[in-house]
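This report describes a protein chain whose sequence and structure are displayed below.

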Amino acid sequence: MSTDNKKNYYEILKISPLASPFTIKKSYQKLARIYHPDKNPGNPDAAETFKQINEAYQILSDTFKRKDFDRQREQEKQKEEQKKQKEAFSPLYESYHSYSPFRAPSEPSSTPSHPKKEEDPFSIKGLKTYFKKTNLPSSDQIRGQLEISLEEAALGCKKTVSLNFTQKEIFWVHIPPGTKEKQNIKIHNQNSKLKEDIYVSITYKKHPLFTLEKENILMDLPISFTKAILGGEVEIPTLGGRVSFQLPAGTHGGDVIQLKGQGFPVSSPHKKKRGHMFISVLIDIPIHFSEEEKKWIQNIQKRNQSCPKVAEFSIKTKLLLKKRKNPNRFPEE
């Protein structure tokens, strides 16, 4: 299977990389209805989007293809990290190849000219000089990791860190808003006897509700089946606080709700921007019902005929089985 690694099928279907097969299917059905060519006649953008939605569903709905796609995404991330590291060291690499250990004399001279001693860029001293000039922390300046929550990374905060090599001296670390994972943050050591700058590498704590996908926040929202039928106000947490919105009546499981501007901060030279929040609806059903409740459900069971998705599935099943010679079993081997 060949997969275009530049396409993020999870983003196309607006779901989390941890989404269940049920969520994948429901999100696909919703988006397919919106962008179907029959509902968008003469719109080439909708037709292209519909094509990408189908392609994404074909990959993510197949267990083996999805695993292969996830593996390729991980490989692409590793390649990007290696590329960034290579770009960071490219000035050092170029300086090594343009390095000339001897200087040609400008005029003939009876006295021998001594070559000017230049610093080997790959020596320990040369590496420290390079990092000092480029304002990049060298490996010996990174003295540990600091684990922070997703909210602290998004909003910024002030943390303390204790480093063993300084007899457990406490340092302050200012986390700016929009701090990325694996970002190196400088430790403020004005009152310390340390002579050089030191840094800590940032890691994220596992969030109980949110998943970060680039600058977007993904979250599954369980709702009761009565809330799905009747609709109503729903209150959810975001990175910046609490947000309420009106859930429409007749909400289906797998529907994706987008809250604009409620995602992770995005670095922009012109203005402050934030990503979005994508909420996948999960309909929860009670485990136990009383006998009276069961009778009430049985009385409205005939309403299943008016369910559009149930009716559509029933029609497609009948047409599919009608074309088959023997729809009940596989041919004998």
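A residue is called buried when its relative accessible area is under 20%, exposed when it is over 50%, and partly exposed in between. The structure is a predicted model, and of the 333 residues of the protein, 29% count as buried. The accessible surface comes to about 24100 Å², and 53% of this surface belongs to carbon and sulfur atoms. The secondary structure consists of 9 helices and 13 strands. Where contacts join residues at least 6 apart in sequence, 52% of them connect residues that are at least 24 apart.

In soluble globular proteins, nonpolar side chains tend to be buried together. In this model the largest nonpolar core has 33 residues, and those with the most contacts inside it are Val173, Leu221, Ile236, Phe245, Leu259, Met277 and Ile279. Strand S7, which covers residues 216-224, gives the most to this core, with 4 residues. A second, separate core holds 17 residues, among them Tyr9, Ala19, Ile24 and Ile59.

Val173 deserves a separate word. When its neighbours within four places in sequence are left aside, Val173 is in contact with Leu146, Cys157, Lys158, Lys159, Val161, Ile185, Lys186, Ile187 and Val200.

**The sheet that contains S7**

Strand S7 also belongs to an open sheet of 4 strands, which has the order S6-S7-S13-S10 and mixed pairing. Its edge strands are S6 (211-213) and S10 (256-259), each of which pairs on one side only. From one strand to the next, the twist averages 30°. The pairing of S6 with S7 is antiparallel and runs over 3 bridges, and within it Thr211 stands opposite Leu218 in S7.

**Pro17 and its surroundings**

Which residues does Pro17 touch, not counting residues up to four places away in sequence? They are Tyr10, Arg66, Arg73, Glu213 and Leu218. Pro17 itself lies in the loop between helix H1 (9-13) and helix H2 (21-35). One of its contacts, Leu218, is the residue in S7 that stands opposite Thr211. The C-alpha atom of Pro17 is separated by 9.8 Å from that of Leu212, although the two residues are 195 residues apart along the chain.

**Salt bridges**

| Side chain | Side chain | Distance, N to O |
|---|---|---|
| Lys7 | Glu55 | 3.0 Å |
| Glu152 | Lys159 | 3.2 Å |
| Arg242 | Glu235 | 3.9 Å |

Is Lys7 buried, partly exposed or exposed? With a relative accessible area of 24%, Lys7 falls between the limits of 20% and 50% and is therefore partly exposed. Glu55, at 27% relative accessibility, likewise counts as partly exposed. Arg242 has a relative accessible area of 68%, which is over 50%, and so this residue counts as exposed. Lys159, which forms a salt bridge with Glu152, is also among the residues in contact with Val173, and Val173 in turn is one of the residues with the most contacts inside the largest nonpolar core.

Key:
Residues are numbered from 1 along each chain as its sequence is written. This is a predicted model: local features need pLDDT of at least 70, side-chain atom pairs count only at pLDDT 80 or more; totals for chains, interfaces and linings use all residues. Side-chain values use heavy atoms; hydrogens and water are left out. A nonpolar core is a set of buried Ala, Val, Leu, Ile, Met, Phe, Trp, Tyr and Cys residues joined through side-chain atoms within 4.5 Å. Buried means under 20% relative accessible area, exposed over 50%, partly exposed in between (1.4 Å probe, protein chains only). Helices (H or I, at least four residues) and strands (E, at least two) are DSSP runs, numbered from the N terminus. Contact means heavy atoms within 4.5 Å. Accessible areas come from the Shrake-Rupley method with a 1.4 Å probe; for residues, only the protein chains shown count as cover. Two strands pair if DSSP finds at least two bridges between them. Axes are lines fitted to C-alpha atoms, for helices over the stretch in contact, and angles run from 0 to 180 degrees between N-to-C directions. A salt bridge is a side-chain nitrogen of Lys or Arg within 4 Å of a carboxyl oxygen of Asp or Glu.
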